[in-house]
Amino acid sequence: MSCTECVTGALHSGTPKGTETKVGGVDAYVVGDAHSPRVIVIGCDIFGWRFVNMRLLADEYAAHGFRVVVPDLFSGWELPTWTLNAHDPSNFRKSLFQRYVLAPAALFVLAPFVLRNLPHQISLITAVANALRNPASPSDAPTTTTTTAAATPKVKLGFVGFCWGGRFAITQNAQFDASVAAHPSLVRFPGEIAAIRKPFSLAVADDDPDFDRARAEATERILKGSLGERGLGEDEVEVRVYEGVKHGWTTRANLDDPKQREARDEAVRQVVGWFERFL
């Protein structure tokens with residue numbers, strides 16, 4: 001299931017510090033220490049790899065000593081940013097055009113997006129992961145100071161996914177050394193939880209229509225009840241539920257709202273802390 005909050009939020013301001021290149025033949029935004037063996041791959045929400053919020057978030061992660069890669073997992077397609085305000089319940093100044101044209105159009109755009117992109121996501125993620133672990137061409141190992149340099153033999157690879165990308169932090173967890181899923185969408189629960197074999201952290205809003213507190217707690221029970229068969233330790237599973245925020249708060253929070261900003265900043269700390277432990 002997807003929800004109106006998948007296409008709602010605030011646009012952030014700032015100038016991203018990274019550059020664009022190709023990784024595994026996939027267009028990508030890359031930023032951070034070119035020689036760091038600790039690499040984070042970001043699975044974007046449906047606003048895609050060019051979304052300024054996502055690039056600024058990548059810059060924040062990179063400031064902690066990681067290389068960060070934001071690949072284009074949608075083959076050039078992305079949801080237009082005008083949908084951010086189409087469903088915003090706090091926007092009391094909506095015009096009739098916004099309410100009755102833009103709002104329905106946002107979900108109309110979302111449906112073909114879901115159908116078009118789902119089948120080939122995994123192959124793109126795999127191509128990026130393989131290229132980062134084993135760069136075979138200059139395009140996979142760019143040499144500029146802010147982009148991905150040749151990976152060391154002991155590169156450690158993490159994946160953090162948001163909304164649409166959060167599902168793949170679950171299903172593709174085993175491809176990485178650790179993963180974080182933030183408010184994942186379209187998860188086939190509980191079946192896809194079986195894919196988790198590496199350190200895994202989950203961040204959800206308590207009333208998220210896609211993955212709420214109850215589902216998060218059930219996920220924790222499933223994982224912690226099968227640690228041995230998964231090869232995981234007790235401290236390699238983390239589930240955090242954030243109160244007072246909505247689906248998408250980690251990437252599209254209103255930064256002028258102190259509560260949303262604090263929850264968003266805490267989620268940044270959760271992601272950075274997880275990868276500092278396991279990468």
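In what order do the eight strands form the open sheet? The order is 1-2-4-3-5-6-7-8, with mixed pairing; two strands count as paired if DSSP finds at least two bridges between them. Strand 1 (19-23) and strand 8 (237-242) stand at the edges with a single partner strand each, so one side of each has no neighbour in the sheet. From one strand to the next, the twist averages 20°.

This is a predicted model, in which local features need pLDDT of at least 70 and side-chain atom pairs count only at pLDDT 80 or more, while totals for chains, interfaces and linings use all residues. Residues are numbered from 1 along each chain as its sequence is written, and side-chain values use heavy atoms, with hydrogens and water left out.

The protein chain has eight helices and eight strands. Both are DSSP runs numbered from the N terminus: helices are H or I with at least four residues, strands are E with at least two.

Within the sheet, strand 6 (residues 178-182) pairs with strand 7 (residues 200-205) in the parallel sense over four bridges. Alanine 181 has leucine 202 in strand 7 as its bridge partner. Helix 5 (residues 213-224) packs on the sheet, where it touches strand 7 and strand 8, and its direction makes about 170° with that of strand 8. Helix 8 (residues 258-278) also packs on the sheet, touching strand 3 (38-43), strand 5 (156-162), strand 6, strand 7 and strand 8; its direction makes about 175° with that of strand 8. Axes are lines fitted to C-alpha atoms, for helices over the stretch in contact, and angles run from 0 to 180 degrees between N-to-C directions.

Contact means heavy atoms within 4.5 Å. Of the contacts in the protein chain between residues at least 6 apart in sequence, 70% join residues at least 24 apart.

Buried residues make up 54% of the 279 residues in the protein chain, where buried means under 20% relative accessible area (1.4 Å probe, protein chains only). Arginine 167, in helix 4 (residues 166-171), counts as buried because its relative accessibility is 7%. The side chain of arginine 167 reaches the backbone oxygen of leucine 186 at 3.4 Å.

Cysteine 44 is buried at 3% relative accessibility, and cysteine 163 is buried at 2%. A search of the whole structure finds zero disulfides, a disulfide being a pair of cysteine sulfur atoms within 2.5 Å.

Conventions. Buried < 20%, exposed > 50% of the residue type's maximum accessible area, 1.4 Å probe, protein only. Polar contact = N/O pair within 3.5 Å; in protein donor to acceptor, adjacent residues only side chain to side chain.
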